[in-house]
Amino acid sequence: MRVRVIAPGRVNLIGEHTDYNEGFVMPAAIEPSVFVEATSRSGRMVSARIDGPGRATSFSLDRLLPPRRNPVWVDYVKGVCWALERAGYVLRGANLEIKSTIPVGAGLSSSAALELGAAAALVNLAGLTIRPAEMAMLCRSAENEFVGVRCGIMDQFAVALGRAGRALLLDCRSLAYEYIPLVLERYRLLIVDSRVSRSLAASAYNRRREECEAAVQQLAVQLGRPLRSLRDLSLEEITGAQSYLPDLLFKRSLYVVEENGRVIKAAAALRGGDLHTFGRLMGLSHAGLRDLYQVSCPLLDLIVDTAAACPGVLGARMTGAGFGGCAVVLLEAKAVELTGEKIREAFARQGWPEPRFYLTAAAPGVTVEI
Ligand code: GLA
């Protein structure tokens, strides 16, 4: 049997660092993707090769061991096998040929696409059917518990459930979701990869999660009611907390509460076809990520500030975990060239390598051809 899977990357339009705070996010799947060609083989061995010769490896489904230190690409594949089998799905041996057009480590979910791509291939080869939302959750548990990265649910959900021409509004507490038409017409989404290595991202990401958890504990004591997450706070409650919360925890919490509010407003703007308001909210989101949540970096700020000063740009913000990676710009189609040029010039003036640009529409989520 042969299966071909396309698993897209994702760009988050708004709602950053809110998923693990049980808040709202609004990503869209994008055209750069992971492509998996899979054939079945007898027994319980899986052989996998990524992007051509030289990067081939194999493992047994009966001996799935988590990585001891820095995970490599095949650990994500092993992780989904582990999560699927733990959930009671029995897989079969397979040969996986994997290619990717998603830049790795750029904040466009190359790992979630690899997880969902491998999972969909293996599930189909084994003759199983699993709903996309369950696939997303299994892949997230592979990343959390096997690979050892404490990500939220946004990336896997966007990759599994993205839809062409739609943004995905997701409530990360209930996992209820809504597709919102992303009617771009004379506008475009321009993704700019700063190409800054995100070497600090994992430890800083985990620290942000811990800070949010610490804030929830202190707020629960002060407010005298049980709090599950920052999602449970109103804007009044958090502004009132400035007097007793340590400054750092106050900033983190204020950002999260405000960002949740922005996602809801952005969804309303998009439903009404008001891209100007959407763009303004993107700018406010970036300011919060830079000043309060402190996960931006000088090159992401440079992209956002340079873009914001260009005619025809509606909004710009960093996207993904931050500390490098990509920014996303919403702009008029006719402004793409000049904006790209201005960003290139700004990078060159500061002696940085040229950024990479991707123009994309909202793409479909995982697709399987048998
Ligand atoms: C990474 C994580 C996501 C999310 C974003 C920040 O992409 O994988 O779960 O937390 O960072 O919004």
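Residues are numbered from 1 along each chain as its sequence is written, and side-chain values rest on heavy atoms, with hydrogens and water left out. Because this is a predicted model, local features need pLDDT of at least 70 and side-chain atom pairs count only at pLDDT 80 or more, while totals for chains, interfaces and linings use all residues.

Me: Why is Glu22 called buried?
Reply: Buried means under 20% relative accessible area, with exposed over 50% and partly exposed in between (1.4 Å probe, protein chains only). Glu22 has 17% relative accessibility, so it counts as buried.

Me: What makes the phi of Glu22 worth a look?
Reply: Most residues other than glycine have a negative phi. Phi of Glu22 is near 60°, a positive value in a residue other than glycine. Glu22 sits in the loop between β1 (2-14) and β2 (24-40). Leu175 also has a positive phi, near 65°, and its place is the loop between β6 (166-171) and β7 (177-181). Strands here are DSSP runs (E, at least two residues) and helices are runs of H or I, at least four residues, numbered from the N terminus.

Me: What is Tyr179 in contact with, leaving aside its neighbours within four places in sequence?
Reply: Contact means heavy atoms within 4.5 Å. On that basis Tyr179, in strand β7, is in contact with Leu161, Gly162, Arg163, Arg166, Ala167 and Leu168.

Me: How many residues does each domain bring to the contact between domain 1 and domain 2?
Reply: The domain assignment gives domain 1 (2-183 + 364-369) and domain 2 (187-360); such bounds come from an automatic or database assignment. The contact takes 37 residues from domain 1 and 45 residues from domain 2. The C-alpha centres of the two domains lie 24 Å apart.

Me: How much area do the two domains bury between them?
Reply: Buried area is the accessible area (1.4 Å probe) that two parts lose on being put together, summed over both. Here that comes to about 3,500 Å², 59% of it on carbon and sulfur atoms. In domain 1, Ile14, His17 and Arg150 lose the most area to domain 2, together 20% of what that side buries.

Me: What makes a space a pocket, and what volume does the largest pocket have?
Reply: On a 1 Å grid over the protein atoms alone, a pocket is an open set of points with protein on both sides within 12 Å along at least five of seven lines, and lining residues have an atom within 4 Å of a point; a cavity is a set where a 1.4 Å probe fits but cannot get out. Volume is the space filled by probe spheres set on the points, which are joined across faces, edges and corners. The largest pocket holds about 1,300 Å³. It is lined by 47 residues, with Tyr76, Gly105, Ser111, Glu143 and Arg198 nearest its centre. Domain 1 and domain 2 each give at least three residues to that lining.

Me: How does the lining of the second largest pocket divide by class?
Reply: Ala, Val, Leu, Ile, Met, Phe, Trp, Tyr, Cys and Pro count as nonpolar, Asp, Glu, Lys and Arg as charged, and the others, Gly among them, as polar. By that rule the lining has 10 nonpolar, two polar and no charged residues. The volume of this pocket is about 180 Å³, and α2 gives the most to the lining, with four residues.
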